[in-house]
Amino acid sequence: PPMPAEEDQELIRGRRTDVGQRKAPMSKPATYSLGVDLGGTKILAIIVDRRNRILARAKADTPIATGVEAICARIKAVADQATAQAQIAPDQVVNIGVAIPASVDPATGDALHAPALGWRNQPVRPTLEALFGRPVALENDVNCGTLAAARAGVARDCHCVAGYFLGTGLGGGIVIGGHLHSGRKGAAAEFGHEIIRAGGRRCGCGKRGCVEAYASKTAFCRRFDKLIRKRHRESLLTELTGNDFSQGIKSSALRRAYLAGDEVTREVLHEGMKMLGIACANLMSILGPDCIVLGGGVFEALGKELFPVVVKSAQKHLFAYAPEDLDLRLAMLGDDAVPLGAALIARDGP
């Protein structure tokens with residue numbers, strides 16, 4: 001018979017010491033995605049695995065008055081905190097997505113207009129990529145939140161999804177067939193700046209009559225200031241805010257006052273929700289989405305209470321649709337929606 005191969009002869013003679021050690025090549029270390037939500041008041045970073053599970057979160061205040069470079073440096077610091085909390089190596093984070101409250105020029109990575117941050121045509125993506133030393137996917141925050149709802153949230157069964165996210169401002173997003181529709185220069189779905197009342201209230205963008213001038217925490221604070229401080233209406237918000245609305249208001253304070261039956265709070269919020277309902281009806285006529293998702297801090301705090309007001313107003317102003325054709329849904333991912341959407345865009349594309 002033929003002689004055994006040399007390595008088998010070594011085994012027969014008892015000289016081989018690696019018996020049982022022939023293993024498949026070691027698998028590569030697991031990789032993860034980073035998603036960051038840059039808001040007007042806070043920065044939230046999350047680490048996400050391949051199954052979209054969130055492994056860690058880190059948060060810090062947004063240093064608005066310090067400019068683009070300082071804010072981007074804070075984003076990097078918060079991202080590093082989230083990575084450390086997840087107990088993974090920095091090089092295991094292979095996808096980085098950052099959501100900002102602005103339209104993003106896909107060609108340059110510039111933030112075109114971010115009223116909440118005082119930005120216009122700022123080079124955000126190049127600044128972030130210099131800090132991280134790798135590519136960064138930059139996208140509008142509500143685009144990210146809407147995408148998360150469509151891919152991993154309440155609207156997973158819908159082909160065409162539109163989203164309104166109500167917080168410091170009012171943003172919008174469109175997802176068709178699981179992909180973002182960002183439009184020319186990335187400026188589509190700026191639903192908050194639809195002119196809903198010609199010559200109406202001044203918006204933070206400088207125009208008058210935008211939906212955001214009625215349905216946003218910034219708009220609510222301006223109205224509270226007028227009714228409480230200038231017209232001397234009694235309100236629980238006087239106690240909760242120290243009668244100072246210049247620095248905004250927390251959704252938790254709105255919830256507390258609303259549930260206590262505060263007349264001023266209910267009047268202002270209901271007015272905003274009615275205007276938002278009109279905007280939803282307009283959107284049905286323009287886009288005809290399968291569903292419209294309502295999210296953001298205000299709906300997280302008072303979704304059950306405010307949702308019926310929006311629905312009633314939207315149904316009243318529909319054209320060519322029956323009331324039952326309107327499918328409004330409350331977002332279910334909470335604060336994680338926007339950074340999760342940013343991570344999904346970085347990993348899987350828009």
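**Exercises on a predicted model**

S313 is found in helix 9, where helices (H or I, at least four residues) and strands (E, at least two) are DSSP runs numbered from the N terminus. The model is predicted: local features need pLDDT of at least 70, side-chain atom pairs count only at pLDDT 80 or more, and totals for chains, interfaces and linings use all residues. Residues are numbered from 1 along each chain as its sequence is written, and side-chain values use heavy atoms, with hydrogens and water left out.

**Exercise 1.** Determine whether S313 is buried or exposed, and list the residues that S313 touches.

*Solution.* Step one: buried means under 20% relative accessible area, exposed over 50%, and partly exposed in between (1.4 Å probe, protein chains only). Step two: the relative accessibility of S313 is 6%, so S313 counts as buried. Step three: contact means heavy atoms within 4.5 Å. Not counting residues up to four places away in sequence, S313 touches M273, K274, G277 and I278.

**Exercise 2.** Describe how helix 7 and helix 9 pack.

*Solution.* Step one: axes are lines fitted to C-alpha atoms, for helices over the stretch in contact, and angles run from 0 to 180 degrees between N-to-C directions. Helix 7 (residues 251–259) and helix 9 (residues 297–316) pack at an angle of about 20°, and their axes are 8 Å apart. Helix 7 is therefore roughly parallel to helix 9; angles under 35 degrees count as roughly parallel, over 145 as roughly antiparallel, 65 to 115 as roughly perpendicular and the rest as oblique.

Step two: from helix 7, S251, L254, R255, Y258 and L259 meet G297, V298, A301, L302, E305 and L306 of helix 9. The residues of this contact divide into seven nonpolar, two polar and two charged. Here Ala, Val, Leu, Ile, Met, Phe, Trp, Tyr, Cys and Pro count as nonpolar, Asp, Glu, Lys and Arg as charged, and the others, Gly among them, as polar.
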